[in-house]
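Me: I have a model open and want to learn how to read it. Where do I start?

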Amino acid sequence: MLLLLIPSMLAVLSVVREKELGSIINFYVTPVTRFEFLLGKQIPYVVLAMLNFLLLTALAIFVFGVPFTGSFATFAAAAFLYVIVTTGMGLLLSTFMSSQISAIFGTAPITMIPASQYSGMINPVSSLEGVGAFIGQIYPMTYFVIISRGTFSKALGFGDLSSAFLPLLIAIPVLLGLGIVLLRKQAR
Amino acid sequence: MRFVNILQLGLKELRGLARNPMLIVLIAYAFTLAIYTPRRCPKPSTGLRSRLSTKTNRRYPRAS
């Protein structure tokens, strides 16, 4: 959940801070494309989130003594895709927001509520119904939870968890594409 | 797509992050102490729960 909240919040803040300070004008007046702008904003936070992922995994294994039984490469690959998705969510949200306060107060519930209620962390997604089940099925964290449980506790590898990678892979171009479409290259 | 633009934007972002030490401290705290501290503190309910479970085990040995 931390890998969802903090990277998306940082990504939102990175764009919204520029809007507040007025330095977004540099983006408007230079020939940088929207895709380059979003990717340039996303990559540093993906790197930072991967460092945080390694830190969290080390804490779980070495400090709390959680046995890691599966494939670490699978887990790391899933985490890489997942942090791209979470930062992409942040960048998508930043296109709607114009102040840092709204960015923080908007991002926290938008990311945390589906993550805690519908992603299978507390109740299995299969036990949900209606809109809750739909959110659970399309929310990327659901699949990261499946992969992390599978690699930590069930000694699973890529072959067993490949179906959970597909939604993460689909979410990346969808979020980035929406971000590109919704980000304005001109001020209103 | 020009990779130089993406690289320069990314480096600018990292420089901006480095100029904001409180944000770095907050990130470091969120991923280390914020996780470590609450998990390591003894919870007041733990003793009660263990006492209750011991009682339950004694009364219903097969239940556990």
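Reply: Start with overall size. The radius of gyration is taken over C-alpha atoms, and the globule rule is 2.2 Å times the number of residues to the power 0.38. Keep in mind that this is a predicted model.

Me: What radius of gyration does chain A have, and what would a compact globule have?

Reply: With 188 residues, a compact globule would come out near 16 Å; chain A has 17 Å, so the two agree. The C-alpha trace of chain A spans about 50 × 35 × 30 Å along its principal axes.

Me: How many helices and strands are in chain A?

Reply: Chain A has 8 helices and 0 strands. Of its contacts between residues at least 6 apart in sequence, 79% join residues at least 24 apart.

Me: How do I tell whether A:Y143 is buried or exposed?

Reply: Count neighbours. A residue is buried if 20 or more other C-beta atoms lie within 10 Å of its own. A:Y143 has 26, so A:Y143 is buried. A:Y143 sits in helix α7 (residues 140-153) of chain A. Leaving aside neighbours within four places in sequence, A:Y143 contacts A:A164, A:P167 and A:L168. Across chain A, buried residues make up 39% of the 188 residues.

Terms used
Residues numbered from 1 in each chain as written. Chains lettered and ligands numbered in written order. Predicted model: local features only at pLDDT ≥ 70, side-chain atom pairs only at ≥ 80, totals over all residues. Helix = DSSP H or I, 4+ residues; strand = E, 2+ residues; numbered from the N terminus. Buried ≥ 20, exposed ≤ 12 C-beta atoms within 10 Å, placed from the backbone. Contact = placed C-beta atoms within 7 Å.
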